[in-house]
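Subject: Structure for your review

Dear colleague,

Please find below the structure that I am handing over to you. I would be grateful if you could look through it alongside the notes that come after it.

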Amino acid sequence: MIQFCRDLRERGLLATPSEAIDAVATLGLIDLDDREETFLSLRSVLTSRVEDFPVFEEVFESFWSRLGRSPQPRKIVEREGLSTGARLSSPNHGHKGLAFFLEHWGAARARDSEPIKLPGASNTDSDAEKDFSLFRADELEEVARVARRIARRLARVPSRRWEAARRGLRVDLRRTLRQSLKSGGEFIRLSFKRRKQKKTRLVVMCDVSGSMDLYSQVLLQFVYGLQNSFARVETFVFSTKLERTTRHLRDNSYRHALKRLGTNVRGWSGGTLIGLSLAAFNSDWPKLVDKRAVVIILSDGWDTGDPDELGAALADLKRRSGRLIWLNPLLGSRDYQPLVRGMQAALPYIDVFAPLHNLASLRALEKHLIL
Amino acid sequence: MREEVRNIQDLLRSQAYVSDVAVATSLYLAMALGKPLLIEGPAGVGKTEIAKSLAEALDARMVRLQCYEGLDATTAIYEWNYPKQLLRIKMQEHAAASAAEKEAEIFSEPFLLKRPLLEAITDQTGSPVLLIDEIDRSDEEFEAFLLEILSDFQVTIPEIGPIKATHRPYVVLTSNRSRELSDALRRRCLYLWIDYPSFEKELEIVRAKVPAIGEALSTEVTRMIQAVRKLNLAKTPGVAETLDWASALVVLNASQLDEAVIAETAGCFLKDEADLRKFEAEMSAGRLGI
């Protein structure tokens, strides 16, 4: 059982020793000959979100068959339309994963000291205007740091308005007096007020396929710095499928977050399926987007899927969100025209179509984030 | 299968709650291990109903704490009845008792307004079922505070002192996944995911909860709803909507599903204009079997 929990932990599940203790206690409470019951019980104890289910099943199968408990693997439980489960199981193994790219990002670029030229990269010299792709690996570290600093500065603008609060710096005399009426004019309870906090939500979806990985990196760093100024910040990455990275980026130490992101996110392959990923977002996470949410999609629009699907998914997203921002690094180049089918399909639904290719563009993003 | 798990299934079924093995097993473990149960799933699949059915089946009280954004920790536990206290003070102004005695009196149980969490802890007759509904709508601060309570089932009221649970409540939490719950809370709870039911299960539910509907109609209704769920709608109907629709059809004395009846009652399971239009388009294209 300890080994089993260790295996699960390695695959990213929350299976600490205390869960192991519970699991052992569970074994004493159930009918061990009933494989389904054992499976369901342990799953209830050792998983903590539906995304863990496919991983748990895999580890369970391999573990118990290794122990020779069951001669042939049987279909464990009738999956009643496990709608999100189907989408999340990863059929592709052995492709270069996000994990790999994150770990080797710095190393790879250091080896190759020639700056990478992307089509449409800016040619000016000033650092703020310099396209991210033109920086060397060590310089990119600095760029990332600057991005976080910009974000944090954004974060410190409190609202001018005051709102009622249970505790705060200032006594709200008006409400206190009203409350005192209940108690015959005696001030039993003080009401306070404090500066209104920002209630905007931010949902960020980054394309990490091919050449987009670099820009996504910078944007994610930026968003990491922004976390404290928004009510809720959710981040996702996608290429052929969508993966939620919010948990990983919540860590206080960015280094640590990167490492966790590296070990937990599963692989992805070459092409980009933007429409499919957005559709998956709409159906799996419907409650994350409302009128108070600003949605940012970072992608160059090279969708290898059906453009109608992309259009439909975006229409749905736009309808539910407060603002839809599409960031396209290629917009940094003067000559760029959004002719690609995916980009064309997306344009009618976008509120703000902006570039994200250098620090200046990051700063310009600020005004769009305030609803 | 363990006897107890089967018992729970029967118990739930006696309340017309059609559960499956996963639900029964999780409930059994939650009770046996004394851990809270976290239930996640799309809207309308019966997460809250589990707690209700469990309470009925166990003949226990159900205490419900509905979470919302800005829910305060103290509001969830207690509040002093200020007006009553003030009145008592005024009445006792000329009484002979000392200040300390007067204070002890106004800060005693008759002046305490118990909110859900305190109610759940101080139930004297037996373990109640504590339903903490939509925990994802509260904030992280509240979650942390809740964790403390869920560990030792003890709260402290400054004027009275610590109050410990005589009977530990069965705790069920539900979440709609509108925000990420903390790892600490997830580790503390057993986890159950409830998804939209299969055709067979939904049929069973409809027949159990709306017995007047009849075999043929219940089959048609279930088949239609299952098809509707496959359309990519903004507000996918849950089981609650299916049951509403079934009840509506019974009230209208419908014997079968045809275009007219569906048009009249579509509002039972489609709650969004865009969805309605999409549904109508699919129907006229003949893709929904009518």
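Predicted model: local features only at pLDDT ≥ 70, side-chain atom pairs only at ≥ 80, totals over all residues.

Chain A contains an open sheet of 6 strands, and their order across it is β6-β5-β4-β7-β8-β9. The pairing in this sheet is mixed. Strands of a sheet pair through backbone hydrogen bonds, either parallel or antiparallel. The edge positions in chain A are taken by β6 (242-244) and β9 (352-354). Each of these two has a single partner strand, so one side of each is left without a neighbour in the sheet. On average, and with direction ignored, neighbouring strands of this sheet are turned by 20 degrees against each other.

At the β6 end of chain A, strand β5 (residues 232-238) is joined to β6(A) by 3 bridges, and the two run antiparallel. Within chain A, A:Val237 stands opposite A:Glu243, the latter in β6(A). Helix α12 of chain A, residues 274-284, lies across β4 (201-207), β5 and β6 of that chain. The helix runs at about 45 degrees to β6(A).

The contact between chains A and B

How many residues of each chain are in contact with the other? The contact brings together 40 residues of chain A and 35 residues of chain B. On the chain A side, α2 (17-29), α3 (35-46) and α10 (246-249) each supply at least two of the residues that touch chain B. By class, this side of chain A has 12 nonpolar, 13 polar and 15 charged residues.

One helix pair spans the two chains. Helix α3(A) packs against helix α2 (residues 21-33) of chain B at an angle of about 60 degrees, and their axes are 9 Å apart. That angle makes α3(A) oblique to α2(B). The crossing of α3(A) with α2(B) is right-handed. From α3(A), the residues involved are A:Glu36, A:Glu37, A:Leu40, A:Ser41, A:Ser44 and A:Val45. They meet B:Val21, B:Ala22, B:Thr25, B:Ser26 and B:Leu29 in α2(B). The contact of α3(A) with α2(B) is made up of 5 nonpolar, 4 polar and 2 charged residues.

Chain B

Chain B has 14 helices and 9 strands. Of its 290 residues, 37% count as buried. Taking the contacts in chain B between residues at least 6 apart in sequence, 77% join residues at least 24 apart.

A hairpin in chain B connects β6(B) to β7(B) through 3 residues. Strand β6 covers residues 154-157 of chain B and strand β7 residues 161-164, and they pair in the antiparallel sense over 4 bridges. B:Val155 has B:Ile163 in β7(B) as its bridge partner.

Chain B also holds a helix pair of its own. Helix α10 (residues 199-209) and helix α12 (residues 239-251) of chain B pack at an angle of about 45 degrees, with 10 Å between their axes. These two helices, α10(B) and α12(B), are therefore oblique to each other. Their crossing is right-handed. In this contact, B:Glu202, B:Ile205, B:Val206 and B:Lys209 of α10(B) meet B:Val239, B:Thr242, B:Leu243 and B:Ala246 of α12(B). The contact of α10(B) with α12(B) comprises 5 nonpolar, 1 polar and 2 charged residues.

With kind regards

Note on methods:
Residues numbered from 1 in each chain as written. Chains lettered and ligands numbered in written order. Pairing = 2+ DSSP bridges. Axes fitted to C-alpha atoms, helices over the stretch in contact; angles between N-to-C directions. Contact = placed C-beta atoms within 7 Å. Nonpolar A, V, L, I, M, F, W, Y, C, P; charged D, E, K, R; others polar. Parallel < 35°, antiparallel > 145°, perpendicular 65-115°, else oblique. Left-handed = near helix turned anticlockwise from the far one by under 90°. Buried ≥ 20, exposed ≤ 12 C-beta atoms within 10 Å, placed from the backbone.
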